[in-house]
Amino acid sequence: MKKCITDYDLNNKKVIIRVDFNVPITDGHITDDNRIKESLKTIKYAIDNKAKVILLSHLGRIKDVSDLEKNDLSIVAIRLSELLFKPVKFVNATRGIDVENTINSMEPGDVVLLQNTRYEDLEGNKESGNDIELGKYWASLGDIFINDAFGTSHRAHASNVGIASNLPNGIGFLVQKELDSMLPVMENPEKPFTLILGGAKVKDKIGLIDNMIDKVDYILIGGGMAYTFLKAKGYNVGSSIIDDESIDYVSNLMNKYSNKIILPIDTLVSIDLEGKTCDTKDINNISSNEIGLDIGPKTIDLFKEYIHQSNTIIMNGPMGMFEKDIYSNGTKEVLSAMMSVKTVIIGGGDTASAAINMGYKNSFTHISTGGGASLELLAGKKLPGIEVIHEK
Ligand code: AMP
């Protein structure tokens, strides 16, 4: 079992917490502050235990100077301060005298947020390349390191693996919740166990399918990835999205596990992606100019039969192009049907935001905050940001 924040005496200690404040920002406004809220439990615990709290996070990607302004973390310090009901001191630097002076003058219970860790990617990709000196430098600013950024734990960066390699360390409550919610389900799922997959590409989900195929009773396939399966079965899928590289993979899979893999039997189609019109077609009746963009009503009924018999479901990927209202029904219906299932894990990324935005935030066992990280965990891979943390 990994060490966690409660295993340390935080009193008067400089505690560096790697959080995930990678929030969506449009026109200078945070459009979804869920990730900030998810980090509050760990931050408040550190404050209540009289730590000097030093927060590090990335925001977006920094490839050139034009990325700096739009990925400035100062806006997050303002929102965090509102949520904590206390001042959060923002330092517009990732290293140097301002950072060091600010930290040296902290009192127990103070909170400081440094600038976006990926500003260090501008010259030499130091954060994302896990530059050894940078990890050591950041570690030199604190006494204890806590990783509470589940969403980046599948990457070895200076701000997680780099710092953790140089300090006593542990995980925060959010990472603990993610692991505690997902690992037992993977190890000992109550049957019948169903995996529901959707989203754009098969390729991204191959690791997950390979890890789960022998454990699950059924895999329901919707979303864009279904058309690759349907094409491999010989259907004309018109102009729907196809992952050509994965055709051989899905053919082999269907040959070996034909009774486990459940595909759509009808689909909503359109002749463009504008989201203005759509028609319902059985999957053997799609015309060449039509694009499949959501599962149809017969498929929804079929999927519901499997959902209602399941005791455990893991869902990763939306059933259609849910960002457009007209193609969101399949995803909504599947989410709604899963509300009566005993254990449901929603595996991050687009599916998590669909579930939250559609009003299902508190309806399931667990909605993961990490897209790629939850996909890798569920695919049975080790996450470097977690692996580096000491065992109890
Ligand atoms: P992923 O990150 O692989 O889970 O993919 C999520 C994306 O898949 C979302 O942005 C959806 O709009 C997209 N998607 C879902 N269904 C379809 C579809 N039938 N055709 C094209 N894109 C789709």
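Reply: Asn169 belongs to strand E8, which spans residues 169-171. The model is a predicted one, and what follows should be read as a description of that prediction. With a relative accessibility of 0%, Asn169 is classed as buried because the cut-off for that class is under 20%. Beyond its neighbours within four places in sequence, Asn169 contacts Lys3, Tyr8, Phe145, Ala164, Val388, Ile389 and His390.

If residues up to four places away in sequence are set aside, Ile345 touches Ser181, Met182, Val185, Ile313, Ile314, Met315 and His366. Asp33 lies 312 residues from Ile345 along the chain, and 21 Å separates the C-alpha atoms of the two. Within E16, Thr343 and Ile345 point one way, while Val344 and Ile346 point the other way. All of these E16 residues are buried.

E16 takes part in an open sheet of 6 strands with parallel pairing, and the strand order is E11-E10-E9-E15-E16-E17. At the edges stand E11 (261-262) and E17 (366-367); each has a single partner strand, so one side of each lacks a neighbour in the sheet. In general, the strands of a sheet are paired through backbone hydrogen bonds, in either a parallel or an antiparallel sense. E15 and E16 pair in the parallel sense over 4 bridges, with Thr312 standing opposite Thr343 in E16. E15 (residues 312-316) is also joined to E9 (residues 193-197), by 5 bridges, and these two strands run parallel as well. In that pairing, Leu197 is opposite Asn316 in E15.

The buried residues of H14 (residues 371-378) are Ala373, Ser374, Leu375, Leu377 and Leu378. Their cover includes helix H7 (173-187), helix H8 (206-212) and E15. An α-helix has 3.6 residues a turn, so residues three or four places apart point the same way. After H14 comes Gly380, which has a positive phi, near 85°.

Pro192 sits in the loop between H7 and E9, and the peptide bond that joins Lys191 and Pro192 is cis, with omega about -5°. Two further backbone features concern phi. Lys50 has a positive phi, near 65°, and is not a glycine. Lys50 lies in the loop between helix H1 (34-48) and strand E4 (52-56), and its relative accessibility of 45% makes it partly exposed. Phe85, likewise a residue other than glycine, has a positive phi of about 55°. Phe85 is placed in the loop between helix H3 (74-84) and strand E5 (89-91), where it counts as exposed at 77% relative accessibility. Most residues other than glycine have a negative phi, and most peptide bonds are trans.

A loop position may also be buried, and Gln115 is one. Gln115 is in the loop between strand E6 (111-114) and helix H5 (132-140). Gln115 has a relative accessible area of 1%, so it is buried. The side chains of Gln115 and Asp72 are joined by a polar contact of 3.1 Å. Not counting residues up to four places away in sequence, Gln115 touches Ser57, Asn71, Asp72, Leu73, Phe90, Val91, Asn92, Ala93 and Thr94.

A backbone N or O atom of Ala200 is 3.1 Å from a ligand oxygen atom. A polar backbone atom of Gly292 lies 3.0 Å from a nitrogen atom of the ligand. For Gly320, a backbone N or O atom is 3.5 Å from a ligand nitrogen atom. Of the 500 Å² of accessible area that the ligand has on its own, the protein covers 82%.

Technical notes:
Residues numbered from 1 in each chain as written. Predicted model: local features only at pLDDT ≥ 70, side-chain atom pairs only at ≥ 80, totals over all residues. Heavy atoms only, no water. Polar contact = N/O pair within 3.5 Å; in protein donor to acceptor, adjacent residues only side chain to side chain. Areas by Shrake-Rupley, 256 points an atom, 1.4 Å probe, with all protein chains shown as cover. Buried < 20%, exposed > 50% of the residue type's maximum accessible area, 1.4 Å probe, protein only. Contact = heavy atoms within 4.5 Å. Pairing = 2+ DSSP bridges.
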